[in-house]
There are 4 protein chains.
Amino acid sequence: MIGVGLIGCGYWGPNLLRNFSDLTEVVAVADLKEERLKHISGRYPAVKMTTDYEDLLHDDRIEAVVIATPVNSHFEIALGALQAGKHVFVEKPLTTSSKHAEILINEAERRNRVLMVDHTFVYTGAVRKIRELVQSGEMGDVLYYDSVRINLGLFQHDVNVIWDLAVHDLAIMDYILPHRPCAVSATGCSHLQGEPENIAYLTLFFEDLSIAHVHVNWLSPVKIRRTLIGGSKKMVVYDDLEPSEKVKVYDKGITLSEDTRYRLQVGYRAGDMWAPQLDNSEALRTEAQHFLWCIQTGEQPLTDGHAGLRLVRILEAASESINDRGKLVELEAWRLAA
Amino acid sequence: MIGVGLIGCGYWGPNLLRNFSDLTEVVAVADLKEERLKHISGRYPAVKMTTDYEDLLHDDRIEAVVIATPVNSHFEIALGALQAGKHVFVEKPLTTSSKHAEILINEAERRNRVLMVDHTFVYTGAVRKIRELVQSGEMGDVLYYDSVRINLGLFQHDVNVIWDLAVHDLAIMDYILPHRPCAVSATGCSHLQGEPENIAYLTLFFEDLSIAHVHVNWLSPVKIRRTLIGGSKKMVVYDDLEPSEKVKVYDKGITLSEDTRYRLQVGYRAGDMWAPQLDNSEALRTEAQHFLWCIQTGEQPLTDGHAGLRLVRILEAASESINDRGKLVELEAWRLAA
Amino acid sequence: MIGVGLIGCGYWGPNLLRNFSDLTEVVAVADLKEERLKHISGRYPAVKMTTDYEDLLHDDRIEAVVIATPVNSHFEIALGALQAGKHVFVEKPLTTSSKHAEILINEAERRNRVLMVDHTFVYTGAVRKIRELVQSGEMGDVLYYDSVRINLGLFQHDVNVIWDLAVHDLAIMDYILPHRPCAVSATGCSHLQGEPENIAYLTLFFEDLSIAHVHVNWLSPVKIRRTLIGGSKKMVVYDDLEPSEKVKVYDKGITLSEDTRYRLQVGYRAGDMWAPQLDNSEALRTEAQHFLWCIQTGEQPLTDGHAGLRLVRILEAASESINDRGKLVELEAWRLAA
Amino acid sequence: MIGVGLIGCGYWGPNLLRNFSDLTEVVAVADLKEERLKHISGRYPAVKMTTDYEDLLHDDRIEAVVIATPVNSHFEIALGALQAGKHVFVEKPLTTSSKHAEILINEAERRNRVLMVDHTFVYTGAVRKIRELVQSGEMGDVLYYDSVRINLGLFQHDVNVIWDLAVHDLAIMDYILPHRPCAVSATGCSHLQGEPENIAYLTLFFEDLSIAHVHVNWLSPVKIRRTLIGGSKKMVVYDDLEPSEKVKVYDKGITLSEDTRYRLQVGYRAGDMWAPQLDNSEALRTEAQHFLWCIQTGEQPLTDGHAGLRLVRILEAASESINDRGKLVELEAWRLAA
């Protein structure tokens, strides 16, 4: 049984604690707030509680560390954990800079440790089904990916809304799309002076004809989590808030023919719609199992440090573009690395 | 009774014909397709049919001309009609270039004729109610306008999707917002080589903190017509496909306070939602009445040539930005004119 | 070309007029209100207008009469038309009593005329698809039919809400179900003293295990048109207000197995959902064509006088049951006739 | 701190355990399944576990017993608990017969103990808001209550679907309506031979003009929880599955006037819709607090034994009516008691 230590037990931490507790032994939890630790201790009396996360790094019973602290502390804690010989599972986004992400990747490779990023959506039944539809060729060529991820959300002070919300879409695209973006243009604005952007729009360009767009917003009166994926053969609408039919596959699209005047004729195809049955397992459970499996087998995680780095590079480029009101930022360095 | 002539009777023309017939006398209809004229003649036996629109310009019984032809013919026909002394009602967008729009405005002013553009949404009960909410101050400051206007639509060969669909949102914003945009960044792509863009994303920047964004797409498996308008006091969701509750007003938003560490604290306000009863009159009827009224009284139409020109300028700037993948295009000339 | 005369041109009549005009020659329209005739005449200048429907019965150019008058006049007008040798198409419900319906059937058979009832839903793409799913065995045994058909509707003075709205569900069931009901229990009430019931609930019992229920209401704040059809293999949700996916087929249900203690074990089956592409032709057009076809060929209409009679018998039984607050009323006479 | 014992810890029990643990001291849990106890013990190591519920009745630290066992054991356990001097909180429905409910009420009154039934919906923000709208007169007279409560649910062997699902609506009506039903007509059927009804329809008659209807079904492909309440001034749609706007208040209805021919003219009123902000506290928390409060103060619970009895009487009458296919069953005894 792999001993696990959890660092950070605020919003998402309790879910990690619950899932890892059911799968293996959670040895200790670290959090800065004593009150929070006390509350958790009532529910998990056998788990050691500490306000100093370094205690976990020195604990030999702990083989793997799960990090759910604010983003700007990920790098330091993850690096310390890897240096202490621990396997590391970090919340998304991996780090606040691509340089930091590269250092973590190198450290993990040098020490032969698992470095995995929590891109939860990749482990949902819905996204796995969509990947299957794309990869099998059933959808044809992917023409566009369009996502809206908005709600009345917690305004964060250290990162803007794309680092908080768009990262989910970037993770999904990284997993399901056959190509990777080569440039980004983004716009957005902050409605509170001196605070990070709370509304943003990202366009990603790909080398083929395809395009992706993500709309994220912390200041929407309604919650929307809806993604359209247009294929040349089929199209998908993925609505994460639908209780049962999250993924709908439309046999709709355009058909092309050349008419006698050598001009393209565009016709429409309207066929059936189909909502496949999805695996409803909790994604985080699947993901935690995958992390433990990778530790045991040495297998590379699906959402490893490289995936984390690819996302951080896009987030950096998008932030740069937002600052310059839509200016195109190429993802060259990233292409070299890929 | 004002004699009216209709030029172009394809997709939208029959609606114009029906409404103007109920309000005044439609003297003649011109269309290039004889078959179409024959079909219409069966329903409107008293109306003269012709394949040559110039017949209408020479007909003294016709005081006003309604133009519902493809966009790239608007300028020539409208100019001819104004020069023949007719009042003119043109489909949106007014023209394909701002220069042409300016010429029409000047011609109409010189001859003291009414020049009105069919920005239909401005005449809906929903948009009029939203304007009232904005203008009365009930919504507070407008923080953002975000619209999605997508469906599996007719691919056009002469104009791209923003000239076809985004023009509706530009018309709505022109009518309801207190400020006008000063720059635009737009992206998009065509999935058919050599054809105009079929998917596009526009960001409009305003001089205050606010921002607007419009997503238009001819290649969506589902039809969506949904606009969010975030205000500092209230927020509106306008869903044009809702049969009865098109406009929902949310008493939701953020509240600010400074905490003891001089840092902004952002809180949430979640209150009631309210869907006002709307005037369900057919917008086109209201608009046709307004056109006839302006002819009779000499009043300036709500959606006059200047409004049409403002939209054409934004569409030009957006097209330029799309070609340069998101490059910011300032709307200077437009600001001078405003 | 079959000459048609239309009697009654109020709410539904103009739709009949439009469709029959497109398919054949409408010779004359009769309506009691002169003003209405005048309005229609503007649109159909070639059609003769009269306030005396008997004019149509004496007109030799008219082979077929379409009756869209209030229910309580159907019998007299239809009988007169048959006696004058005309084919007859009557609005639903056929008559206000089963005796009257029987007389009309006999008269039509004796004179070899077509007697058809306007059960419009039977001619929709949605209902035809559902029939196909039921008849092919794809749904398995039909276990129940449950329909809600409510809105803020016109209160009628001469018939209660079941004669106005439930008749649609009875027509659909008559068309799609393999069995016919043998008894009915109904409840309802009127919220206006002395007026017919404006809210009602019907349960129909079948000889197999199946059951049907219809909820109709003129006093609902929201409009609902939703039917569930539970089959032993598949289940259908038919929502007539859905713009595109009116019929959804669920691969859901129960699975049975006997456990070792000889007790039934009920399990669940949750599979894909599928929304078949439907024929979107206007139902009334299809139906009018069918009527003309039956006149020409002598074929029996799908919704003939017998179908009309079956519905009237159920409506009579349901009204009797409502008066006695749910008392079971058997449909014996009807079974004998079937 | 009031010591609490929980008997039965299957489907609903863990929710009771969690809430009572947060509010007071849960001393012991009894359940027949050792495995289940073992699992719970992991989470609640301080709570005593036993397979013999009588242990709890003899435990002096336990003042109050919470019963979440199958319905047919409620009576025996609750009676034992009251006789042992405990306060009792029982899952709905209180008992399987009105005689048993009466015995429990008498026993509780004789011993001056609190007897409360878990009618959870009564403690939701939504139902409390609806009661306020009804009681304040804002809705006018209640004309009807119509509820649909269906899903693909667990088929139960000991009680039919009305005892499982309709009981929720009966509890809501008992709480919000000013009058009580005087008769019931119900229909339903079982699709598994020898098993209780899995689909049922209840009509409740009231002495004024109003009517109530409840549709419950364990065999629906979709989950619906929607209640319409028609008032003479306003109407409510309560959709429990809506994430945020569960209660919508429509300013819609009919208006009456007498025309010159002394005949009632029915007009329509269509006004705004309004979705009030609701208290989102967990209902079970509120309810558990109320139970503890009643123990401390001697106050009568909102959902006391009498409320439980009223519901059981209606359920008995409805079952009797279902067996006789809709036969009206009067609720006389119940009226005497009220």
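1. Chain D superposes on chain B by a rotation of 180° with 0.0 Å of shift along the axis, at an RMSD of 0.1 Å. Within chain D, the C-alpha nearest that axis belongs to Trp274(D), which sits 2.2 Å from it. Both copies use the same surface here, since 100% of the contact residues of chain D recur in chain B. This is a predicted model, and the points below should be read as such.

2. On confidence: the predictor assigns the complex an ipTM of 0.93 and a pTM of 0.93. For chain A the mean pLDDT is 93, and 96% of its residues reach 70 or more.

3. The contact between chain D and chain B takes 11 residues from chain D and 11 residues from chain B. The two chains bury about 1000 Å² between them, and 40% of that lies on carbon and sulfur atoms. On the chain D side, Asp272(D), Met273(D) and Gln277(D) lose the most area to chain B, and together they account for 47% of what that side buries.

4. What holds polar groups together across this contact? The count between chain D and chain B is 10 residue pairs in polar contact, with both residues at pLDDT 80 or more. Salt bridges between chain D and chain B number zero. Two strands of chain D, β13 (247-258) and β14 (264-275), are the elements that give two or more residues to the side touching chain B. Of these, β14(D) supplies the largest share, six residues. By residue class, the side of chain D that touches chain B divides into six nonpolar, two polar and three charged.

5. Chain D can be laid on chain C with an RMSD of 0.0 Å by a turn of 180° and a shift of 0.0 Å along the axis. That is the relation of a two-fold axis. The copies meet through the same surface, because 100% of the interface residues of chain D are also interface residues in chain C.

6. How many residues does the contact take from chain D and from chain C? It takes 51 residues from chain D and 52 residues from chain C. About 4700 Å² is buried between chain D and chain C, 71% of it on carbon and sulfur atoms. In chain D, the residues that lose the most area to chain C are Pro221(D), Tyr268(D) and Arg325(D), together 15% of what that side buries.

7. Across the interface of chain D and chain C there are zero salt bridges. The same interface has 17 residue pairs in polar contact, both residues being at pLDDT 80 or more. Strands that each supply at least two residues to the side of chain D touching chain C include β7 (142-152), β8 (183-189), β9 (199-205), β10 (211-217) and β12 (235-239) of chain D, along with β13 and β14 of that chain. β11(D) gives the most to this side, with seven residues. The residues of the side of chain D that touches chain C divide into 27 nonpolar, 15 polar and nine charged.

8. Lys234(A) lies in the loop between β11 (219-231) and β12 (235-239) of chain A, and Glu138(A) in the loop between α6 (125-135) and β7 (142-152) of chain A, so the pair ties together parts that are 96 residues apart in sequence.

9. Some backbone details deserve a check by eye. A cis peptide bond joins Lys92(A) and Pro93(A), with omega about -15°. Pro93(A) is in the loop between β5 (87-91) and α5 (98-111) of chain A. In chain D, a cis peptide bond joins Lys92(D) and Pro93(D), also with omega about -15°. The place of Pro93(D) is the loop between β5 (87-91) and α5 (98-111) of chain D.

10. Arg325(B) has phi near 45°, a positive value in a residue other than glycine. Arg325(B) lies in the loop between α9 (305-323) and β15 (329-330) of chain B.

Methods:
Residues numbered from 1 in each chain as written. Chains lettered and ligands numbered in written order. Predicted model: local features only at pLDDT ≥ 70, side-chain atom pairs only at ≥ 80, totals over all residues. Heavy atoms only, no water. Least-squares fit on C-alpha atoms with pLDDT ≥ 70 in both. Contact = heavy atoms within 4.5 Å. Buried area = accessible area lost by both parts, 1.4 Å probe. Salt bridge = Lys/Arg side-chain N within 4 Å of Asp/Glu carboxyl O. Polar contact = N/O pair within 3.5 Å; in protein donor to acceptor, adjacent residues only side chain to side chain. Helix = DSSP H or I, 4+ residues; strand = E, 2+ residues; numbered from the N terminus. Nonpolar A, V, L, I, M, F, W, Y, C, P; charged D, E, K, R; others polar. pLDDT = per-residue confidence, 0-100.
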